[in-house]
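Here are my notes for you to read with the model open. Take the points one by one and find each piece on screen as you go.

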Amino acid sequence: MEDNSKKTAPVKERKVKGKVEIDIQKCKGCELCTAACKEQALTLSETINIKGYRYIIANNDACTGCVNCALVCPDAVITVYRTHPAKKPVDITPENIREQLHDIVSTSK
Amino acid sequence: MQTEEQLLPQTALDPVTPACHEETYEVVYHKPATLVDVPMHYCPGCAHSLVHKLIMEVVEDLDIAEKTIGVAPVGCSVFAYDYMNIDMQEAAHGRACAVATGIKRLMPDKYVFTYQGDGDLAAIGIAETLHAVNRGENFLIVFMNNAVYGMTSGQMAPTTLPGMHTTTSPDGRDVSYYGAPIKVAELLANLPGAVYVTRQAVNSANGVRRTKKALMNAFKYQQQYKGTCLVEIIGNCPSNWKMTPLEASRFIDEEMVKTFPLGDIKLPQADNLKTE
Amino acid sequence: MAEFKLMKGNEAMAEAAIQAGCDAYFGYPITPQSEVLEYLAREMPKYNRIVMQAESEVASINMVYGAAGAGFRTMTSSSSPGMSLMQEGISYMAGAELPCLLVNVNRAGPGLGTIQPGQGDYFQSVKGGGHGDYKLIVLAPASVQEMADFVFLGFDLADKYRNPVLMLSDGAIGQMMEKVQFPAYTRPLTDKSSWATTGKPTTRERNYITSLFIQPERMEEHNLKLEEKFKQIRENEVRFEEYNTADAAYLFVAYGLSARICMKAMDLLREKGTPVGLFRPITLFPYPYKRLQELAAQAKLMLTVELNSGQMVEDVRLGVNGKIPVEFYGRMGGMMPTPEEIVQHLENLIQYHHAN
């Protein structure tokens, strides 16, 4: 296992974009997420939170939304978001939207 | 129940605003609602909080919060009921399986699980655990094995590795004096009452995925099969191992799994199926 | 009127448990009360109730904890060494305010002791037994009929106060056969939904059963709440029986089996013209201190008779508070005094105190 916490990742163009939100006041700075992040997008802050812990800050430009960080977070402080992979260009029609929405709903269940 | 229209972002419904499809973020992971939204008392990096979260995710995914009763006995996880937003009972040290027997025998349609540490299950409570599994009590035992007593701050557990330093084995566990670590999963898998026995670790994202899958199976099996499910989870105890959480994760990969190999030990068989 | 049956004390108690709507019994064999588990193992399945022979008394009391915590009417029974094993669980149940019925068919100790009857568990039953500040409601039957009656009463008191109730019997009453009549019983409605762990619907907050209060402020708050409950019990649940106390200058004070022997001793003394009465506490907690205090105003001497080295006598002295002499006579090790022995002892005491 590699300690990625001190590295920063180069930003590259990706098909799927992710972003994370961190509840920094509940973060204990254990850094398990930094090791789980393949994109090295997570680092430890220089400042401390209300409990006195250094917390995790995210470089969302590098995030793919792979969820690894949130999975290993013991304190469940990470919420992960992701865009859809870019599909073929779509015409925006109500039918289209319904169809895609159905996909979203069924995959998030 | 929300309709599709309600879920749809307002911009997407507006025909004059072109929606940028790629930029629409959707939540792909969030804290389960069954986990109470308070900071957990566990040390930074502690596997207990992680496994609490996993159990609550499973309960939420299966939508069984109304039918689930948890039992958490003495140990670091004695406060589990502060975090799990379901009905729970706190049990005396070692007695979770007896308490769970009392619950499940009277409410066979509910989902019941115990959440026990290595001291609780494998030392003071091994009699209750063994007999519950032997009777094939139809509940899930979540066994957190971190090879050390956490709550009392770092004494030797029945699962402490040979040579491992603890506050009561300062020169390392001497197997000739204290015996070898108890392999709980293998031991209990021998009993006919055990229907599903697996050992997982939560020191990596994939380990977490596998552990969640195992817990998911175990909850489902409670309804499908006769017998006891045991999910042993190799967790860390950074504070008492005197390691950082990341070092503790490596210690699991490099040392713990040698004594406690991961994987399924016993899977349900067709003749374990419940018959109506 | 229900018919009379001839039954063993233990079996009458087991039958009463079924009639009282006991949902589950968890127990472990031990002489002299194994008939309870045997009887229930045979009868409970007919009513679709749960009966289980646990791997130990430690396990059985914790099964009771689980079932009681889920809101069910549940019980266990044992005899002295087994009760010692249960003390941890009993303390937890009292701490977590779980109702249940416990039965101790007392045998002589200490240690493995003997299987013959004794009353050496008075202190354990009344003064704590397990760790921490708590009380059990303790009922002391003196007949097979009471072993049955107190099951109904015990369950109802347990539910009423959310506290374990202990029936402190002994090996003689458990084993003897007498006629018994089961009352027509209607179980009072008790709503346990505000605390029982039956699965959390979305309409209420989660229920959890615990005796853990890590913050001292909250722990003390809980202790005070329990004390308030014990105060209510002291005020409302004292039970005793008196025989010939109206004109008694001398009083036997005895519970359970000892009271039966004293009854005969009293009759023998009355035949001789000695004004003797008998005071029999039925609840050992709450203890009838107040009534003893009143009786001390009219009597000259009290003699406490127990099958132990002198345990309840301390409570009699607390009640009497030095007003009159309180003496003790007891046998131990499963031995029982004869009425004549007790008569002799009281006559000696009367002579002694008269001379002084």
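1. A term to start with: two residues are in contact if their C-beta atoms, placed from the backbone, lie within 7 Å. Helices (H or I, at least four residues) and strands (E, at least two) are DSSP runs, numbered from the N terminus. This is a predicted model, where local features need pLDDT of at least 70 and side-chain atom pairs count only at pLDDT 80 or more, while totals for chains, interfaces and linings use all residues. Residues are numbered from 1 along each chain as its sequence is written, and chains are lettered from A and ligands numbered from 1 in the order in which they are written.

2. Let's begin with helix α1 (residues 9-19) and helix α2 (residues 34-43) of chain C. On the α1(C) side, C:Asn10, C:Glu11, C:Met13, C:Ala14, C:Ala17 and C:Ile18 meet C:Glu35, C:Val36, C:Tyr39, C:Leu40 and C:Glu43 of α2(C). Sorted by class, this contact has seven nonpolar, one polar and three charged residues. Here Ala, Val, Leu, Ile, Met, Phe, Trp, Tyr, Cys and Pro count as nonpolar, Asp, Glu, Lys and Arg as charged, and the others, Gly among them, as polar.

3. How do these two helices cross? Their axes come within 8 Å and cross at roughly 40°. Axes are lines fitted to C-alpha atoms, for helices over the stretch in contact, and angles run from 0 to 180 degrees between N-to-C directions. That makes α1(C) and α2(C) oblique to each other; angles under 35 degrees count as roughly parallel, over 145 as roughly antiparallel, 65 to 115 as roughly perpendicular and the rest as oblique.

4. Now try helix α3 (residues 57-69) and helix α4 (residues 80-95) of chain C, whose axes come within 8 Å and cross at roughly 25°. So α3(C) and α4(C) are roughly parallel to each other, and α3(C) passes α4(C) in a right-handed crossing. Among the contact residues are C:Ile61 and C:Tyr65 of α3(C), and C:Leu85 and C:Met86 of α4(C). The contact divides into nine nonpolar, three polar and one charged residue.

5. Which strands stand at the edges of the five-stranded sheet in chain C? It is an open, mixed sheet in the order β10-β12-β11-β14-β15, and the edge strands are β10 (240-243) and β15 (326-330), each pairing on one side only. Two strands pair if DSSP finds at least two bridges between them. The twist averages 20° from one strand to the next. Strand β14 (residues 301-306) of chain C and β15(C) pair in the parallel sense over five bridges, with C:Glu306 opposite C:Gly330.

6. Two helices lie on this sheet. Helix α11 (residues 312-320) of chain C touches β11 (250-253), β14 and β15 of chain C, and its direction makes about 155° with that of β14(C). Helix α12 (residues 339-355) of chain C lies across β11, β14 and β15 of chain C too, running at about 150° to β14(C).

7. β1(A) and strand β4 (residues 78-82) of chain A share five bridges, and A:Lys19 stands opposite A:Tyr81.

8. What about chains B and C? In this pair, 29 residues of chain B are in contact with 31 residues of chain C. α5(B) gives the most to the chain B side, with eight residues. That side has 15 nonpolar, six polar and eight charged residues. β3(B) and strand β9 (residues 208-209) of chain C also pair, in the parallel sense over two bridges, and B:Gln89 stands opposite C:Ile209.

Key: Left-handed = near helix turned anticlockwise from the far one by under 90°.
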